[in-house]
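Hi there,

Here is the structure I promised to pass on. Have a look at it first, and my notes follow below.

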Amino acid sequence: MVADFGFGILVLTFLVALYSAGAAFYGYKVKDDRWVESARRGMFLTFPLVTLAALSLIYLLVTGHFELSYVYAVTSLSMPLYLKITALWGGQEGSLLFWSWLMSAFASAVMLRKWDRDREFLPWVALVTALTLAFFLSLSLFFENPFTRWWQTSSGEVAAMFPPAGSIPLIPPDGQGLNPLLRHPGMIIHPPMLYTGFVAFVIPYAFAMAALITGRTDDRWIRITRRWTLWAWLFLSCGLLLGMRWAYDVLGWGGYWGWDPVEIAALLPWLVGTPFLHTVMIQEKRGMFKQLNMILVILMYVMVIFGTFLTRSGVLSSVHAFAESNIGPMFFVFIGIILITSISLLIYRWGDLKSETELSSTSLFSREALFLLAALLFSGIFVVCFWGIVFPLVSEVVTGQQITVGPPFYKQAVGPLFGGLLFLMGIAPLSAWTRASLKTIGRAVWKPAIPTALVPPLLAALGMRSGAALVGFTLVAFVVFVTLYEFWRGAAARSRSQKENFLLALWHLAGRNRRRYGGYIIHLAMMMMALGILGIELFQTTTQQTIATGQSIQLNGYTLRYDSLAQFTYVDGRIVTRAVMSVYRGGKFLGQLYPRYDYYPDGQPMTIPAIRSTLADDIYIVLVNWENVSVLQTPFKVYDNPLVLWLWIGGFVFIFGTLVAAWPDADPLTVLAPGQEVRLAGARL
Amino acid sequence: MKPSSITGMWGRGKFIIGGVLILAAVVYLIVSSTAASAEYFMTVDELKAKSASLAGQNLRVSGAVIGDSIQYNPQTLNLTFTVAQVPGDNATVEAQGGLAVVLHQAVIDPTRTHLTVVYHGPRPDLLKNEAQAIMTGHLGPDGIFYADELLLKCPTKYQEAVPSQVVSGG
């Protein structure tokens with residue numbers, strides 16, 4: 001009953017979305033704003049409608065309607081309530097419905113804004129969001145219906161929405177339950193964050209298309225979308241970080257990023273969005289890079305759809321073993337339509353997107369040029385990652401032989417480009433607009449360069465011999481010094497001119513230029529993350545040993561004594577085997593760790609590492625093997641991961657910095673007035 | 001040519017040169033890294049057929065684990081097992097009835113090509129009869145596959161399984 005209701009609502013929403021798209025287009029054609037207004041209202045309606053459909057599914061999940069194949073696949077009687085609710089995105093069909101739900105939320109939200117000053121964009125924004133929503137709803141309706149039920153026919157069990165001829169309903173007494181790997185707090189928030197980031201990138205694209213179609217290619221669309229992009233980027237970043245943390249906590253291989261194709265698929269929009277957020281500033285202030293920004297927005301949206309396609313179609317083999325699915329061709333058609341439309345429009349308007357300032361009149365060391373360089377390096381990383389994903393597919397088509405590239409490929413190729421980006425992060429904030437030369441940059445950079453120059457000898461004296469590490473840490477130090485110097489310089493100047501004390505001056509300074517100083521906070525956060533990444537990538541040590549209770553494992557000055565082993569059954573039925581390890585360093589007792597593995601009744605084992613985190617390093621113990629373990633013979637794998645805690649601290653600082661930059665102003669338009677920014681930039685010369 | 005247009009051309013030229021240099025660097029990084037870390041994804045049959053030409057190559061092989069062959073010494077962490085040939089591409093697997101069926105057939109069919117795998121490390125949780133093993137490593141001159149990395153998949157556990165114990169209801 002509820003399933004029929006949910007399905008009916010989905011059909012209705014699909015029709016409403018199609019109607020809105022049609023009404024928006026027709027309203028534009030006949031120049032009748034009533035049709036456009038009707039389209040707008042239609043889009044408002046999609047959010048409550050998809051909410052109803054999602055609530056229907058949640059109701060079915062929570063009440064254990066196992067006659068639904070989706071409910072059967074992702075829930076079981078023994079699961080706690082919150083997991084039954086979050087099972088909404090625990091599988092393919094639910095995830096797609098959840099995607100549509102978020103899409104409808106963003107589509108409705110963007111329709112709510114004041115359209116007075118850019119009414120001409122409205123029909124096209126409505127059209128793009130409506131069509132995107134209709135596409136994802138069609139996947140739910142025709143391919144991955146979350147409301148299908150089990151039917152017993154003469155030839156076996158089938159899952160279908162409507163009863164096949166001569167069948168009787170099947171009601172399994174219990175479901176399979178959510179994959180235990182997904183029963184983790186990180187996994188509960190990770191998909192919504194990632195999806196929100198993905199879906200929010202649709203809005204900038206919709207405005208970009210509106211700008212191209214209407215020919216209003218001044219920077220109005222970019223001012224509207226910058227903040228949307230920033231929020232989308234924040235959610236995407238949080239999603240990526242949560243996924244990393246989940247991998248670190250649950251998968252038990254000592255790392256957080258495996259260069260898995262699905263991870264990279266989520267990173268691709270980020271790699272396009274990040275340079276976009278930078279070059280967009282140049283367009284706002286100098287009227288340059290209009291063509292580049294348009295390309296980046298289109299690419300960002302294509303990567304969102306492509307990423308969803310990769311994760312949802314089962315085309316790639318990956319640890320994210322998603323179900324094989326037949327929605328692949330649909331995505332191909334959709335991506336093809338997007339590309340053809342976007343590129344045609346782009347070519348049509350290419351001439352209108354000319355720079356207001358000739359690039360050739362700017363110096364190679366100007367901020368504009370350095371931002372362009374950063375965008376190029378980001379594109380380089382993007383191409384590397386994209387190539388890594390599609391290479392197996394390409395090689396199979398070309399040579400008939402599937403050739404894959406593993407993590408070493410990405411590390412080798414991304415490493416130098418990332419180093420280049422760090423260097424740019426160091427000098428770009430100190431470079432001036434338009435007419436910077438080596439001399440002016442040198443004058444700005446020499447102060448932070450002095451402490452930076454002390455870093456490599458200091459590290460070498462401490463015994464660091466790896467060239468990559470010396471270069472990496474020196475670059476990180478450089479960016480940190482430059483950024484802190486920027487804070488200090490601005491605050492000191494304000495403190496002098498306004499007769500404020502230093503801290504108050506710093507507060508006001510950052511408050512008045514939130515975008516800029518939020519950006520600097522993000523840079524500092526990136527450096528913390530870089531510290532963690534360098535630490536674990538270059539200095540991770542590991543050992544694996546099989547020992548009996550009373551014996552110890554030595555690693556990097558740590559002594560890990562194996563005290564005891566216990567086995568017990570947890571309330572939800574899993575059998576937990578847990579070891580107790582005492583951690584010592586230099587004879588000093590530091591604490592106890594409890595690596596364990598959980599064996600679920602359905603046969604799925606899960607290894608949960610025990611982690612002791614400090615700012616210096618993480619001790620990470622994995623109890624390996626769930627068979628053949630006894631107190632006399634217990635295999636452990638131990639990792640020492642230097643500095644990795646900084647990655648997570650950096651994550652929090654990153655969120656803070658992005659919030660500082662993205663938080664709505666009382667009146668965004670006056671704060672972002674170009675004159676004000678230019679004056680500031682001028683004052684700094 | 002007027003002086004301003006010369007500087008204009010040079011102005012654009014310096015960016016074009018810079019862009020081309022970066023492009024070249026990216027292409028170089030991709031080509032060299034691809035060459036250094038390419039792994040050839042093969043089936044057991046392909047591996048056996050081309051074994052002579054594969055010495056020293058990074059290989060990735062997939063096969064069905066034969067449960068009885070698993071030998072593991074927890075003290076030395078030496079792990080040995082045998083895998084049987086399974087088709088490489090998804091379409092063939094689907095055509096033959098899905099991964100679970102294909103793996104089962106591969107294990108019980110004695111005429112399939114077999115490959116002995118040696119791995120050093122803890123025994124993975126999912127290594128059991130009729131699991132799909134994806135090994136990365138190289139082929140020794142002795143015809144044994146020395147795996148550096150071992151990835152296991154158990155089919156259909158959480159994917160679209162049909163309920164096996166169902167109650168018919170009205």
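Let me begin with helix H14 of chain A, which covers residues 407-427. Its 21 residues reach 30 Å from the first C-alpha to the last, close to the 30 Å expected at 1.5 Å a residue. Please keep in mind throughout that this is a predicted model. H14(A) has a bend of about 30 degrees at A:Val414, and a proline, A:Pro416, follows within four residues. Its buried residues include A:Phe409, A:Tyr410, A:Ala413 and A:Leu417 in one part of the list, and A:Leu421, A:Leu422, A:Leu424, A:Met425, A:Gly426 and A:Ile427 in the rest.

H14(A) comes up again with helix H16 of chain A (residues 467-498). H16(A) has 32 residues and reaches 46 Å between its end C-alpha atoms, close to the 46 Å expected at 1.5 Å a residue. Among its buried residues are A:Gly472, A:Phe473, A:Leu475, A:Val476, A:Phe478 and A:Val482, along with A:Gly490 and A:Ala491. What do the buried residues of H16(A) pack against? The partners are H14, helix H15 (438-461), helix H17 (502-512) and helix H18 (514-539) of chain A. Just after H16(A), A:Lys499 takes a positive phi of about 55 degrees.

A:Trp259 is not a glycine, yet its phi is positive, at about 55 degrees. A:Trp259 sits in the loop between H9 and helix H10 (261-286) of chain A. A:Phe289, also a residue other than glycine, has a positive phi near 60 degrees, and is placed in the loop between H10 and helix H11 (290-313) of chain A. Are these two buried or partly exposed? A:Trp259 counts as partly exposed because it has 19 C-beta neighbours inside 10 Å, where 20 or more would be needed to call a residue buried. A:Phe289 has 25 such neighbours inside 10 Å and therefore counts as buried.

Now for the cores. The largest nonpolar core has 198 residues, and A:Tyr205 and A:Met300 touch the most other members. Helix H9 (residues 220-251) of chain A gives the most to this core, with 18 residues. Leaving out residues up to four places away in sequence, A:Met300 touches A:Phe201, A:Pro204, A:Tyr205, A:Pro269, A:Val272, A:Gly273 and A:Phe276. Apart from this core lies another, of 30 residues, and B:Val65, B:Leu103, B:Leu127 and B:Ala133 are among them. As a general point, nonpolar side chains tend to be buried together in soluble globular proteins.

On the whole of chain A, there are 21 helices and 14 strands. The radius of gyration of chain A is 28 Å, close to the 26 Å that the globule rule gives for 685 residues, so chain A is as compact as a globular protein of that length. Its C-alpha atoms fill a box of roughly 80 × 75 × 55 Å along the principal axes. Of the 685 residues, 47% count as buried. Among the contacts in chain A with a separation of 6 or more, 70% come from residues 24 or more positions apart.

For chain B, the assignment gives domain 1 (1-38) and domain 2 (40-153), with C-alpha centres 45 Å apart.

A:Gly90 is in the loop between helix H4 (81-86) and helix H5 (92-112) of chain A, and is buried because 27 other C-beta atoms lie within 10 Å. Setting aside neighbours within four places in sequence, A:Gly90 is in contact with A:Val74, A:Leu178 and A:Leu182. A:Gly90 and A:Met187 are 97 residues apart in sequence and 9.1 Å apart in space, C-alpha to C-alpha.

In chain B, B:Arg12 is found in helix H1 (residues 3-37). B:Arg12 counts as partly exposed, with 14 C-beta neighbours inside 10 Å. Which residues is B:Arg12 in contact with, leaving aside its neighbours within four places in sequence? They are A:Leu359 and A:Ser360. The C-alpha atoms of B:Arg12 and B:Thr92, 80 residues apart along the chain, are separated by 54 Å.

Best wishes

How values were computed: Residues are numbered from 1 along each chain as its sequence is written. Chains are lettered from A and ligands numbered from 1 in the order in which they are written. Domain bounds come from an automatic or database domain assignment. Helices (H or I, at least four residues) and strands (E, at least two) are DSSP runs, numbered from the N terminus. The expected span of a helix is 1.5 Å times one less than its number of residues. The bend at a residue is the angle between axes fitted to the seven residues ending there and the seven starting there. A residue is buried if 20 or more other C-beta atoms lie within 10 Å of its own, exposed if 12 or fewer, and partly exposed in between; C-beta atoms are placed from the backbone. A nonpolar core is a set of buried Ala, Val, Leu, Ile, Met, Phe, Trp, Tyr and Cys residues joined through C-beta atoms within 7 Å. Two residues are in contact if their C-beta atoms, placed from the backbone, lie within 7 Å. The radius of gyration is taken over C-alpha atoms; the globule rule is 2.2 Å times the number of residues to the power 0.38.
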